[in-house]
Structure formats: structure tokens, C-alpha cells
Amino acid sequence: MKTLKLVLILPMVLLLAGWSGKTPEETIQVAFAALCESGDPRDARPYMADPALFDEFDSNVAILIEVDPDQWEQIKADARADCAASRAVEFRSVDIQGDKATVRFLQANGEEGEDELVRRDGKWKLVVVM
């Protein structure tokens with residue numbers, strides 16, 4: 001069982017550790033991996049164009065953890081399940097216009113997905129609106 005966990009977790013750890021942000025697709029893969037691993041959206045912060053969007057979220061999470069830690073754990077479990085269904089499994093198209101990119105992909109649940117990215121300091125980052 002230990003070996004199976006290592007085989008499943010090691011590729012994800014290596015992917016996260018080696019993130020270079022050189023392509024929009026790589027950023028999407030790594031951000032999904034971070035979110036799917038923990039279920040905590042804050043773990044995808046390094047891959048976001050505007051990580052300051054999480055400031056208010058951080059405050060709300062801190063309050064929730066203090067008031068009802070079990071509910072926070074359930075939220076993360078639900079996020080992991082949602083992530084598994086919506087993660088990108090096949091990239092359909094990548095449209096790069098200067099420092100902006102639109103990536104269309106097929107999700108694990110069979111639906112089409114699309115992400116907008118921008119290049120910041122040489123790395124592709126996801127544009128998220130909260």
C-alpha cells in the first residue's frame with residue numbers, strides 16, 4: 001500500500017516542484033494538480049495572475065476553521081471530487097496573443113473547459129475572477 005501511494009503521489013510532487021510556467025498548458029496541469037491534491041484553492045495561489053484575490057478568502061477560511069473545522073475539511077473533500085471531474089485531460093487548442101493566452105481543453109467529465117492566462121515575469125499564470 002505504501003508503494004502504491006508513492007507511485008501515485010511522486011509524479012505530482014515532481015510536476016509541482018518542476019513548474020517552470022513556460023507554457024499555458026503546463027500551468028493549467030500544475031494548478032489542477034495542486035488543487036486536486038489538497039482541495040484547498042489557496043494551494044493554487046502560485047499559479048494565479050493575481051494572488052491578492054485570495055487575501056479575503058484567507059480571512060474567511062481562518063474564521064471557518066476556528067468555528068467549524070469539520071466543515072472546512074468537507075469543503076476541501078468536495079473540492080477534490082469536483083477537481084477530479086473537471087481537470088484537463090486533453091488540450092484542444094491554445095491561442096497565444098502576446099502575453100495573453102486562451103486554452104481550451106476537454107475535462108475528465110467529458111465537458112469542454114477554457115482558461116485565460118497571462119504571462120507575468122516570464123511565467124504563464126491563470127486569470128481567476130472571484
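Visitor: Over which residues does pLDDT stay under 50?
Guide: Residues 1-17. This is a predicted model, and for that stretch it has 10 contacts beyond four places in sequence. Where pLDDT is low, the predicted coordinates should not be read in detail.

Visitor: And what does the protein average?
Guide: The average pLDDT is 84. At least 70 is reached by 85% of the residues.

Visitor: OK, layout. How many helices and strands?
Guide: Four helices and four strands. Along the sequence the pattern reads α-α-α-α-β-β-β-β.

Visitor: What share of the residues is buried?
Guide: Buried residues make up 30% of the 130 in the protein.

Visitor: And what share of the contacts joins residues at least 24 apart?
Guide: 42%, taken among contacts between residues at least 6 apart in sequence.

Visitor: Let's do strands. How do β1 and β2 run, parallel or antiparallel?
Guide: Antiparallel. Eight bridges join β1, residues 88-97, to β2. Strand β2 covers residues 100-107.

Visitor: Which residue stands opposite Val94?
Guide: Val103, in β2.

Visitor: What about the hairpin, how many residues lie between the strands?
Guide: Two. Gly98 takes a positive phi near 65° there.

Visitor: Which residue has a positive phi although it is not a glycine?
Guide: Asp121, with a phi of about 50°. Most residues other than glycine have a negative phi. Asp121 is found in the loop between β3, residues 112-120, and β4.

Visitor: Is Asp121 buried or exposed?
Guide: Exposed, because its relative accessible area is 83% and the cut-off for exposed is over 50%.

Visitor: Now Lys125. Where does it lie?
Guide: In strand β4, residues 123-126. Lys125 is buried yet has no salt bridge.

Visitor: Which side chain of opposite charge is nearest to Lys125?
Guide: Asp121, 6.6 Å away.

Visitor: Then which backbone oxygen lies 3.0 Å from a polar atom of the Lys125 side chain?
Guide: That of Pro46.

Visitor: What else does Lys125 touch?
Guide: Beyond four places in sequence, its contacts include Trp19, Thr27, Tyr47 and Met48. Glu116, Leu117, Val118 and Arg120 are also among them.

Visitor: Switching to salt bridges. How many are there?
Guide: Seven. Side chains of opposite charge can pair when their charged atoms come close.

Visitor: What is the partner of Arg42?
Guide: Asp40. The closest N and O atoms are 2.6 Å apart. Asp40 counts as buried, at 7% relative accessibility. Arg42 is partly exposed, at 23%.

Visitor: And which residue pairs with Glu73?
Guide: Lys76, with the closest N and O atoms 3.3 Å apart. Both are in helix α4, residues 69-86. Because they are three residues apart there, about one helical turn separates them.

Visitor: Is Lys76 buried or exposed?
Guide: Buried, at 15% relative accessibility. Glu73 is partly exposed, at 39%.

Visitor: What are the relative accessible areas of Glu90 and Arg92?
Guide: Glu90 is partly exposed at 39%. Arg92 is partly exposed at 45%.

Visitor: Back to β1. What does Val89 contact?
Guide: Leu106, Gln107 and Ala108, leaving aside neighbours within four places in sequence. Val89 is found in β1 and counts as partly exposed, at 46% relative accessibility.

Visitor: How far apart in space are Val89 and Phe105?
Guide: 7.2 Å, C-alpha to C-alpha. In sequence they are 16 residues apart.

Visitor: Last one, Gln107. Buried or exposed?
Guide: Buried, because its relative accessible area is 13% and the cut-off for buried is under 20%. Gln107 lies in β2. Beyond four places in sequence, Gln107 touches Ala85, Ser86, Arg87, Val89, Glu112 and Gly113.

Conventions: Residues are numbered from 1 along each chain as its sequence is written. This is a predicted model: local features need pLDDT of at least 70, side-chain atom pairs count only at pLDDT 80 or more; totals for chains, interfaces and linings use all residues. Side-chain values use heavy atoms; hydrogens and water are left out. Buried means under 20% relative accessible area, exposed over 50%, partly exposed in between (1.4 Å probe, protein chains only). Lys and Arg count as positive and Asp and Glu as negative; His and the chain ends are not counted. A salt bridge is a side-chain nitrogen of Lys or Arg within 4 Å of a carboxyl oxygen of Asp or Glu. A polar contact is a pair of N or O atoms within 3.5 Å; within protein, one must be able to donate a hydrogen and the other to accept it, and residues adjacent in sequence count only if both atoms are side-chain atoms. Contact means heavy atoms within 4.5 Å. Two strands pair if DSSP finds at least two bridges between them. pLDDT is the predictor's confidence in each residue, from 0 to 100.
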